[in-house]
Each structure stands twice: as C-alpha cells, then as structure tokens.
Amino acid sequence: MRSSSLLHEQAVVVDGLVFFSDGSTRDMRAGGVNAINLTVTDMRSDFEQALKDVMAWRQRALDPDSGWLLVERAEDIVRAKQAGKLGLIMGWQNGRPLEDQLDRVALFHTLGMRVIQLTYNEANLLGDGCLERRNAGLSALGIEMVAELNRVGIAIDLSHCAAQTCLDAARHSSRPVLLTHANANAVIPRPRNKSDEVLKAVAATGGVIGCSIHAYLNWRGDPKQQPTLDDFVANVRYIGELVGYEHVGIGTDFPAVDTYEAVRHVMVMSRTKYAASGGDFSNAFGDVMEARYPTETPTPAQFPELTAALARGGLSETQILGVLGGNFQRAFAAAWSAA
C-alpha cells in the first residue's frame, strides 16, 4: 500500500460538510481538500436571504481569481483538483427557504445549488428535525419535495433530520440520499447520531454516510477528554462493516475561515440555542472552536491526518480512496443526473 501521505496527495478529497466560510480556501487547500459541500446560507434564512447568499457565492466561485470553482456536475470535482482550486458544492442545512413552493427547487438548481438538507434540528414545513420530540417524519409536502429534488437533480441530505424523516426520505427517494455529517449511535450515543436502521436505509438508496470528526458527534462525556481521531475511525469501521465501505465518506463539519473568530457567533448559537445537541460539550470545554475537533486536527490544514488514521485503522487502499472522496463522487453523480 502507498504511504498515507502519497495516498492523500493522489486522492480526490471531498469534505461532505463545511458549515461556514468567510471565503478563505487557505486551510482546505493546505489540507489537500479538493471540494467541499459548503453551507452557503444560515440555517434560519428565509427565501430572500438564501437567494442573496446563493448569488453571492455563485459570483465568487465563477471569478477566475477567487481560488474557488463552482461544482455543478460530479466531474467538476476532478476539474477543481486539476486546476488547483477548491470545488464549491453549494448546499443548505435547512429546506426552510423552499417554503411550500416546489418550483423553487428548479430555480436554485439553475443557480448552482446541489445539496439540500430537508430539515435542521427543528421541524419545518417538510418534516421533523432530530431535536423534535414527536419524530413525525416527512409531511405530505416533504414527500412532494423529495420527488421534486430527485427530478431536478439536487442531492438530499438528512444529517440533522429526525429518524422517521430519514426513513421516510429514503423510502420515497428514487436517488441516493446522504448523511453528509453523522455518526453511529451504536458507537457513541449522541442526539445527532443515527441508528443502524437509518444507516442501512440510507445505504440501501446508494447513499453515503459522511463520518464526522466533530466533537458533538464523538464525545463520550468525559469533561477531561476531547474526542480523538480514534473515535472517528471507530465510526468509519463500524459503519463500513454494517453497510459496506462504499457507503462511507467524510463530513468534518469544519469551517473554512482565516480565523475562528469568524465563527464565534456559531459557537455561541450552538451552546445556547441547541443545548440539547452540543451544549454539554460546550459547557465542559467552552466556546472554543479548536476544541470541537480532535487534538490532531484542529483545522482543515491537518486533513492528511485523517488519511493516516484510516490507514492505521486497517482500511485498504481502495477503501480509503472511497472514504476520502470517491464514494461521495459516485453518489453525487447519481443524485445530480437529469431525470
């Protein structure tokens, strides 16, 4: 097997979820990342704000001097690597801006949107998020929206969705559905992690589970112990053995910023508004972004350490290449193809 550093350099590396960017590509490119699914608007945005944000990111990525390359087809990910740029997969973590207007799906697809998470932590018009107690699943509108997303060619993300919403979406989708950043409850029970039933349902669609290094999904509850890359590898191995390594990817939940001060507002929001999913960790470690990632990888610049950890964990070269980006490439190609 090639060395992990050479394997990382030669791989097409896709980060399944980056929650915010101030426009910086510095650390992602330093870490050898070729494309990211970037949350391009706030989770609480309405239609008007989301439209403004999508247009701003589209214009940035189409600027040949920006360091970004807009990804609208799966082959654009390889093109970004060849061009030495960071591929921008425009995504949302909440379907709220769609409201009850099915025709907005085609509008945002035309502007370059390629991933939409149906719900965030709360319920919206499409269904329940993972912090809703009732776990009611998709609404009738949500089922219609799944069909429209399939038809138009926007990938469906279920990472923050309630368990029944995930199962409903997997059942009704004719395309692969994704968990861009989620881990296994069987490894580490956390509010945002997923049951074996959900993991199997996503994989059965041809989808991918982006295992995350984020502490909210990896913390075992010890206030003296930050999660490590061993916790991340444990999730990769468990999910890989459960559903097949061809259904495993990486979704770090990193930001792409020049300084973590740019995301201080998100740190505070996570602790205060979403105490049920990560407040316990923030209470133990404070509003410190570096603490939310393994000590080995405090920023995206250390991304090659993930490859080294996968190699130490016993994955084969083929499995590592798939987890690093090949599996997301395949699922994106299937989700984005014309109906």
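Residues are numbered from 1 along each chain as its sequence is written, and side-chain values use heavy atoms, without hydrogens or water. Because the model is predicted, local features need pLDDT of at least 70 and side-chain atom pairs count only at pLDDT 80 or more, while totals for chains, interfaces and linings use all residues.

Start with the rings. The whole structure holds 10 aromatic pairs. Rings of Phe, Tyr and Trp (its six-membered ring) pair if their centres lie within 6.5 Å; planes under 30 degrees apart are stacked, over 60 edge-to-face, and the rest tilted. Trp-57 and Trp-68 make an edge-to-face pair, 5.1 Å centre to centre with 80° between the planes. Trp-57 lies in helix H3 (residues 47-62) and Trp-68 in strand E3 (residues 68-70), so the pair ties together parts 11 residues apart in sequence. Helices (H or I, at least four residues) and strands (E, at least two) are DSSP runs, numbered from the N terminus. Trp-57 is buried at 7% relative accessible area. Trp-68 is buried too, at 1%. Buried means under 20%, exposed over 50%, and partly exposed in between (1.4 Å probe, protein chains only).

A charge also meets Trp-57. The charged end of Arg-60 sits over the ring of Trp-57, 4.2 Å from its centre. The test is NZ of Lys or CZ of Arg within 6 Å of the ring centre and within 35 degrees of the ring normal. Arg-104 lies over the face of Phe-47, at 3.9 Å from the ring centre.

Strand E1 (14-21) and helix H11 (264-272) each supply at least two lining residues.

Now the cysteines. The structure holds 0 disulfides, a disulfide being a pair of cysteine sulfur atoms within 2.5 Å. Cys-130 is in none; the nearest cysteine sulfur, that of Cys-161, is 8.1 Å away. Cys-130 is buried, with a relative accessible area of 17%. The sulfur of Cys-161 is 5.2 Å from the closest cysteine sulfur, in Cys-166, too far for a bond. Cys-161 is buried at 0%.
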